[in-house]
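Colleague: I have not looked at this one before. Can you put it on screen and take me through it?

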Amino acid sequence: MDDFFSASNCPAMKNKGPGNCLYAYIMENIDLGIVILGLKRHEIIFKNKFASELFQDAKEKLGYKALMTLLLPTYGESSHNEIIGKTNTLWYKNRLLGYTPYMISDDFIWIIIRDITERSRLESIAEAVNSMENTSYIFSGIRHELGNPINSIKMTLSVLKKNLAHYSTSAVERFVDRAMTEISRVEFLLQALKSFSLFENPDIQNVHVEDFIKRFISLVSNDLGNAGIKTNYVVVPPVEHISADPRLLHQVILNLITNASDALHNCENPQIMIRAERKEGFVAITIEDNGIGMTEEEQTNLFKPFYTTKQRGTGLGLMIALKMVTLMKGNMEIKSYKDIGTKVTIFIPEGRHDART
Ligand SMILES: Nc1ncnc2c1ncn2[C@@H]1O[C@H](COP(=O)(O)OP(=O)(O)O)[C@@H](O)[C@H]1O
Ligand SMILES: [Mg+2]
């Protein structure tokens with residue numbers, strides 16, 4: 001062993017006696033992995049019990065080279081500052097490890113390793129609790145959204161009841177119409193909420209992208225055509241299949257197309273373009289419109305429940321779409337420019353290349 005670790009240099013060893021035995025005992029038995037690597041001689045200088053048990057292959061214990069490759073793969077290529085003192089994570093033998101390398105003089109690296117498998121599980125639970133807080137936020141939103149029209153219906157009907165005897169037929173009709181409008185608002189909201197619980201367990205299948213888009217367009221082309229909107233699509237090779245739940249995908253694209261079509265209201269030459277192309281293991285499906293677009297500020301609220309700029313909007317469409325895309329292990333991205341248009345891209349995992357389904 002190098003002089004640096006000799007008893008006279010090491011603070012832990014300075015006071016001979018039971019003290020040094022205690023330090024050694026702690027180092028050896030602590031619930032952390034401790035590894036000290038000697039860079040000059042390419043050797044493992046120290047490895048405590050935790051680290052020995054952790055880095056033990058079926059056949060043999062990992063040596064200096066194996067440990068360097070595992071824990072410091074960029075050592076020698078990256079600058080010291082990028083490695084030393086930085087905490088990394090690593091999946092190893094079904095455990096999630098967090099480790100931090102420190103430098104002791106120029107020749108030794110000291111690595112502290114923690115098993116954070118349990119901590120990351122707890123973090124996931126914390127995240128879930130967090131989304132439960134969101135749920136209560138959603139419920140208070142629903143109460144508010146349902147409460148308003150119901151109050152208004154109640155008021156309309158009670159005014160009507162009080163005055164029924166002397167109201168003309170057309171006045172009665174106006175009051176009934178007002179109540180009906182509020183009721184359809186409630187219905188609309190309930191319809192939107194249905195998609196929340198509908199798909200708790202996604203049924204992931206191999207979906208042929210072009211067939212799916214064609215079928216989808218044939219379903220909505222009438223409505224879009226009536227609104228004067230031109231719709232086109234392109235599937236860029238080699239895109240073929242995605243791993244998706246077709247019902248979820250349908251709902252997601254419907255929500256996005258509905259938004260695009262709303263944004264195109266009163267616009268010149270309204271168009272929607274659907275484009276599917278491959279992106280790093282995913283198929284990116286983009287729905288682009290040349291509608292009113294959004295400012296950067298407007299874009300910050302997009303996924304908040306009940307955020308809407310529409311008189312009859314629910315503000316749930318994008319939030320539901322994002323939830324569904326996440327259920328399919330995908331992601332969503334929105335780019336928008338005020339008065340130019342909006343591009344919404346969903347990333348869905350690629351499927352198998354085989355016969356059409
Ligand atoms: N393609 C788009 N172009 C412009 N604005 C959009 C587009 N898509 C969404 N938005 C904005 O995001 C808001 C929220 O959308 P969404 O969650 O679908 O709820 P809703 O459509 O009921 O308002 C919309 O009210 C609108 O302001
Ligand atoms: Mg919408």
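Colleague: Where is proline 238 found?

Modeller: First, a caution: this is a predicted model. Proline 238 is in the loop between strand E7 (230-235) and strand E8 (241-244).

Colleague: And the peptide bond from proline 237 to proline 238, cis or trans?

Modeller: That bond is cis, with omega near 10 degrees. Most peptide bonds are trans.

Colleague: What about glutamate 280, is its phi positive or negative?

Modeller: Positive, about 45 degrees, and glutamate 280 is not a glycine. Most residues other than glycine have a negative phi.

Colleague: Where is the place of glutamate 280?

Modeller: Glutamate 280 is in the loop between strand E9 (271-279) and E10.

Colleague: Now the ligand. How many residues surround ligand 1, and which are the closest?

Modeller: There are 17 around ligand 1, and the closest are Asn259, Thr308, Thr309, Lys310 and Thr314.

Colleague: Which classes do the residues of that shell divide into?

Modeller: The shell around ligand 1 has seven nonpolar, eight polar and two charged residues.

Colleague: What lies 2.5 Å from an oxygen atom of ligand 1?

Modeller: An N or O atom in the side chain of threonine 309. Asparagine 259 also has a polar side-chain atom 2.8 Å from an oxygen atom of ligand 1. On the nitrogen side, an N or O atom of the aspartate 289 side chain is 2.9 Å from a nitrogen atom of the ligand.

Colleague: How much of the accessible area of ligand 1 does the protein cover?

Modeller: On its own ligand 1 has 530 Å² of accessible area, and the protein covers 93% of that.

Colleague: Which elements give two or more residues to the shell?

Modeller: Helix H9 (246-263) and helix H11 (317-327) do. H9 gives the largest share, three residues.

Colleague: Which pocket is the space taken by ligand 1?

Modeller: It is the largest pocket. The volume of that pocket is about 1100 Å³. It is lined by 40 residues, and those closest to its centre are Asn255, Asn259, Asp262, Lys310 and Gly317.

Colleague: Which elements give two or more residues to that lining?

Modeller: Helix H7 (169-198), H9, strand E10 (282-289), H11 and strand E12 (341-349). H9 has the largest share of the lining, nine residues.

Colleague: And how many of the lining residues are nonpolar, polar and charged?

Modeller: The lining of the largest pocket has 18 nonpolar, 14 polar and eight charged residues.

Key: Residues are numbered from 1 along each chain as its sequence is written. Chains are lettered from A and ligands numbered from 1 in the order in which they are written. This is a predicted model: local features need pLDDT of at least 70, side-chain atom pairs count only at pLDDT 80 or more; totals for chains, interfaces and linings use all residues. Side-chain values use heavy atoms; hydrogens and water are left out. A residue is near a molecule or strand if one of its heavy atoms lies within 4 Å of it. A polar contact is a pair of N or O atoms within 3.5 Å; within protein, one must be able to donate a hydrogen and the other to accept it, and residues adjacent in sequence count only if both atoms are side-chain atoms. Accessible areas come from the Shrake-Rupley method with a 1.4 Å probe; for residues, only the protein chains shown count as cover. On a 1 Å grid over the protein atoms alone, a cavity is a set of points where a 1.4 Å probe fits but cannot get out, and a pocket is an open set with protein on both sides within 12 Å along at least five of seven lines; lining residues have an atom within 4 Å of a point. A molecule sits in a cavity or pocket if more than half of its atoms lie within 2 Å of its grid points. Helices (H or I, at least four residues) and strands (E, at least two) are DSSP runs, numbered from the N terminus. Ala, Val, Leu, Ile, Met, Phe, Trp, Tyr, Cys and Pro count as nonpolar, Asp, Glu, Lys and Arg as charged, and the others, Gly among them, as polar. Grid points are joined across faces, edges and corners, and a volume is the space filled by probe spheres set on the points.
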